Amino acid sequence: MLLLKLLLSVGEMCIWSVEIRNEGKLLFRKFSQLPVIRMCTWSHIKSWASRFISRKQPVHVLVNNAGLLEKKRITTSEGLELNFAVNVAGTFSLTELMVPLLEKAAPDARVITVSSDGMYTAPLTEDLQFSERIFDGDVQYARTKRVQVALTERWAKLYGDKGIEFYSMHPGWAMTPGVVKGLHELCKSMSWMLRTSDEGADTIVWLALQCKEKLVSGAFYFDRAKAPKHLHFAGNSSGSHIVIDSIAESLYSLCQLPKIR
C-alpha cells in the first residue's frame, strides 16, 4: 500500500511520500514536499489542507505526530492556549479535513495519533484551555493527550463505515527535541532510559503497515501491542470519555469546521 507519512517537529508539519518495499520488492517510491505549516493555527491548517485536497490524491496513512509540552501559559494569535492549539485543535482540524481523501484510500486508510502515557494522569475534561488561575503546563499536556485518545475512539465509531481505521499510541519517552525541551531535567537525570527517535517511531510504522484485521480501531497501542487507556490507581476511568461528544461539538465550532456527516 502507499504510505503517506507525516513527520512533524514541534508545532509544525511537513509532508512527503516514502519508499515502500515488501519482502525486498519495491512497491512505491516518490518524494514530494509541501510548505511547512504551523500546527498551532487552525486557519493556516485549513488553508494548507485546501491546497492539498485540490490534488485529489488519496491519503492512505495520516500520522498525527505534531505536539509539544509548553510549561508557560502562551496564547496563540487565534486566542488559544498553545498546548491545546497544537495537540488538540491542530490534530482535530487536520484529521477532519483529511477524511474525504482518506475515504479515497478505503478500505486500507488509517489515522495514527501519537499520544503519550502522560494521559494516564488526567481524566477527560471539558476545560480544554485550562481556565484555572495558576497554569500547570504538565497537567495541561496530560489533558490534551487524553483528549487525543478519546477523539480516536470517537472517530473510529463515526467513520468506521467509511473504511478508515483510527489508532492512538504512546511512543515511549524518546530523546527528541520536544522531549528535551519539555522535560529537560528528566532528560539529564535519566538519559540512559530514553529511547532513540527510531525506537519511538517503531510502533507508528508498525501500525501503518500491519494488516488491519490484526488491529482494533479506536484502541491505544504501546510497543506493538494494545494497551489499557485507564489506570485505576490514577483516579480516572473509562466513564470520563462520555463527554467526548460535547468536546467534539466545541471543536467543530471553535475551528469553524463543517461536519462530514
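Which residues does Met98 touch, not counting residues up to four places away in sequence? The legends below take up this question and then turn to other parts of the chain.

This is a predicted model, in which local features need pLDDT of at least 70 and side-chain atom pairs count only at pLDDT 80 or more, whereas totals for chains, interfaces and linings use all residues. Residues are numbered from 1 along each chain as its sequence is written, and side-chain values use heavy atoms, with hydrogens and water left out.

**Figure 1. Overview of the protein chain.** The secondary structure comprises 7 helices and 10 strands, where helices (H or I, at least four residues) and strands (E, at least two) are DSSP runs numbered from the N terminus. Of the 261 residues in the protein chain, 51% are buried; buried means under 20% relative accessible area, exposed means over 50%, and partly exposed lies in between (1.4 Å probe, protein chains only). The protein chain exposes about 12,300 Å², of which carbon and sulfur atoms supply 55%, with accessible areas taken from the Shrake-Rupley method with a 1.4 Å probe. Among contacts with a separation of 6 or more, 70% link residues 24 or more positions apart, a contact being heavy atoms within 4.5 Å.

**Figure 2. The surroundings of Met98 in the largest nonpolar core.** Met98 touches Trp48, Ala49, Phe52, Ile53, Val59 and Leu62, when residues up to four places away in sequence are not counted. The largest nonpolar core has 45 residues, and Met98, Leu102 and Leu251 are those with the most contacts inside it; such a core is a set of buried Ala, Val, Leu, Ile, Met, Phe, Trp, Tyr and Cys residues joined through side-chain atoms within 4.5 Å. The elements that give two or more residues to this core are helix 1 (42–53), helix 2 (82–104), strand 7 (109–114), helix 3 (137–159), strand 8 (164–170) and helix 7 (244–254), and the largest share, 13 residues, comes from helix 2. Apart from this core lies another, of 13 residues, among them Ile112, Tyr167, Ile204 and Trp206. In soluble globular proteins, nonpolar side chains tend to be buried together.

Figure 3. An open sheet is formed by 5 strands in the order 6-7-8-9-10, with mixed pairing; two strands pair if DSSP finds at least two bridges between them. Strand 6 (61–64) and strand 10 (225–227) stand at the edges with a single partner strand each, so one side of each is left without a neighbour in the sheet. The twist averages 35° from one strand to the next. Helix 2 packs on the sheet, touching strand 6, strand 7 and strand 8, and its direction makes about 175° with that of strand 6. Helix 6 (residues 197–209) also packs on the sheet, touching strand 6, strand 7, strand 8, strand 9 (220–222) and strand 10, and its direction makes about 160° with that of strand 7. For these angles, axes are lines fitted to C-alpha atoms, for helices over the stretch in contact, and angles run from 0 to 180 degrees between N-to-C directions.

**Figure 4. Strand 7 and its pairing with strand 6.** Strand 6 and strand 7 run parallel and are joined by 4 bridges. Leu62 stands opposite Val111 in strand 7, and the bridge partner of Asn64 in strand 7 is Thr113. Both faces of strand 7 are covered, with Ala109, Val111 and Thr113 buried on one side and Arg110, Ile112 and Val114 buried on the other.

Figure 5. Most residues other than glycine have a negative phi, and most peptide bonds are trans. A cis peptide bond, with omega of about 10°, joins Ala106 and Pro107, and Pro107 is placed in the loop between helix 2 and strand 7. Lys56, which is not a glycine, has a positive phi of about 60°; Lys56 is in the loop between helix 1 and strand 6 and is exposed, with a relative accessible area of 63%. Asp223 has a positive phi near 50°; Asp223 is in the loop between strand 9 and strand 10 and is partly exposed, with a relative accessible area of 40%.

**Figure 6. Cys211 and Cys255.** Cys211 is partly exposed, with a relative accessible area of 43%, whereas Cys255 is buried, with a relative accessible area of 0%. The count of disulfides comes to 0, a disulfide being a pair of cysteine sulfur atoms within 2.5 Å.
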